[in-house]
Amino acid sequence: MKKSTLLFTAELPRLKDLGEEFLLIYDDILPRKVPAFKNWAQQFPLQYPVKAGEALKSVEQFPDHIAKIIRLCENTSSRRLTVVVVGGGSVGDFGGFVASILKRGVKLVQIPSTWLAAIDSAHGGKTALNVGAAKNQIGTFHPPEKTVLVRSLLMAQPEARAFEGFGELIKIAWIVGGTLWSQLSKEYEVSSAVLWKYLASAIDAKYKVVGKDPHEKTGYRHVLNLGHTLGHALESYYKLPHGVAINYGLDFSLRWSVEKKIMTKKDYDALLRAPVMGYLLSPVRDELLQTKVSVLKDFRHLLLSDKKKTKSESIRFIFLQKPGKCVIQEVTVDEILMEVCRQKEEELNG
Ligand SMILES: NC(=O)c1ccc[n+]([C@@H]2O[C@H](COP(=O)([O-])OP(=O)(O)OC[C@H]3O[C@@H](n4cnc5c(N)ncnc54)[C@H](O)[C@@H]3O)[C@@H](O)[C@H]2O)c1
Ligand SMILES: [Zn+2]
């Protein structure tokens, strides 16, 4: 897969650096939150504002969206048209999908406006729609020509959202290890400034993983799912922001890796001593792990609907041996639920 050109800019880019003819698809929250965006967007003759969130990715609503977009673009040329998408991961997945099918596929520029999108979802070329409640069931691989990381746009987010971005940053740092983890592990604060500082290295790390398995054929790309198996279930069950759920999912994977002796207790203790780890988890983590039968039943259902499912009830779970070394093992849903109960008990017993 061709690597997209990455541009890091202080402000929103000049149109002439993005293409010739444009359709701008953007999160309609942005003109209200980011005054500079409002002025910048006015330069685009063709615009399609959307409401961010999972409903935007609903396949049931897609025919209505695409009919309007086709009408909007009727006088554009497929060769010259570039879809410019500005928003978080939901807008990126939707806009990327539109670009991949409109006029049999047109050029795409992604300008992520959330940390999650900047670190993770705007890179790698995956687009997605949801079918009913099942997430990301339909999609394409359509890498952007360019991905533009705009400092002022990302910094416009409330500072509290830095915590959400950190889960994804720690995830990729654990997957690749090396300098990224050794430097990040020494950070003492969770802030937008720290996220911006590591953004280029985190993206580079994601490309290294994606480059080894661009179309998810060899299975290697599954390591990017570290922390996401239980994370997705917690996200749906508690309606948590994705990044927050991933923080808990990472913690769960780490503790299970030690229990399975994939990671040594010594390596685990060393990892927990890293300054940055003090900021990753909050004390409420074990309240999320519930052992009530009714809750476990719901977790079971959510785990089974996760798309990384393989045969029947087995799931490819990503364990960590140490930063830089993931281990993929097939586990059953019941094994995951038993580990939830074990971790809960371990915590109750101190
Ligand atoms: N394609 C991939 O590889 C991939 C990878 C991971 C996640 N995803 C997808 O990404 C989505 C989650 O991403 P997300 O959390 O960015 O979601 P999102 O697009 O729903 O954005 C989250 C919230 O932030 C708001 N927002 C966006 N930019 C803002 C800004 N600059 N300032 C203030 N608020 C802003 C949005 O309006 C929304 O309310 C999910 O749908 C997930 O499936 C895709
Ligand atoms: Zn994620």
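How many residues does the largest nonpolar core have, and which of them have the most contacts inside it? This is a predicted model, in which local features need pLDDT of at least 70, side-chain atom pairs count only at pLDDT 80 or more, and totals for chains, interfaces and linings use all residues. Residues are numbered from 1 along each chain as its sequence is written, and side-chain values use heavy atoms, without hydrogens and water.

**View 1. The largest nonpolar core.** This core (buried Ala, Val, Leu, Ile, Met, Phe, Trp, Tyr and Cys residues joined through side-chain atoms within 4.5 Å, where buried means under 20% relative accessible area with a 1.4 Å probe, protein chains only) has 43 residues, and those with the most contacts inside it are Ile170, Ile172, Trp174, Ile175, Trp181, Leu199 and Leu254. Among the elements that each supply at least two of its residues are α7 (162-176), α9 (192-212) and β9 (314-322), helices being DSSP runs of H or I with at least four residues and strands runs of E with at least two, numbered from the N terminus. The most comes from α9, with eleven residues. Because domain 1 (5-155) and domain 2 (159-348) both give residues to this core, it lies between them; the bounds come from an automatic or database domain assignment.

**View 2. The zinc ion (ligand 2).** Glu168 (OE), His228 (NE2) and His242 (NE2) coordinate the zinc ion at 2.0 to 2.1 Å, donors being N, O and S atoms within 2.8 Å of the metal (3.2 Å for Na, K and Ca), and the site may look incomplete, since water is not among the atoms. Glu168 in helix α7 and His228 in helix α10 (residues 228-238) are 60 residues apart and link distant parts of the chain. Both Glu168 and His228 are buried.

Conventions. Chains lettered and ligands numbered in written order. Buried < 20%, exposed > 50% of the residue type's maximum accessible area, 1.4 Å probe, protein only.
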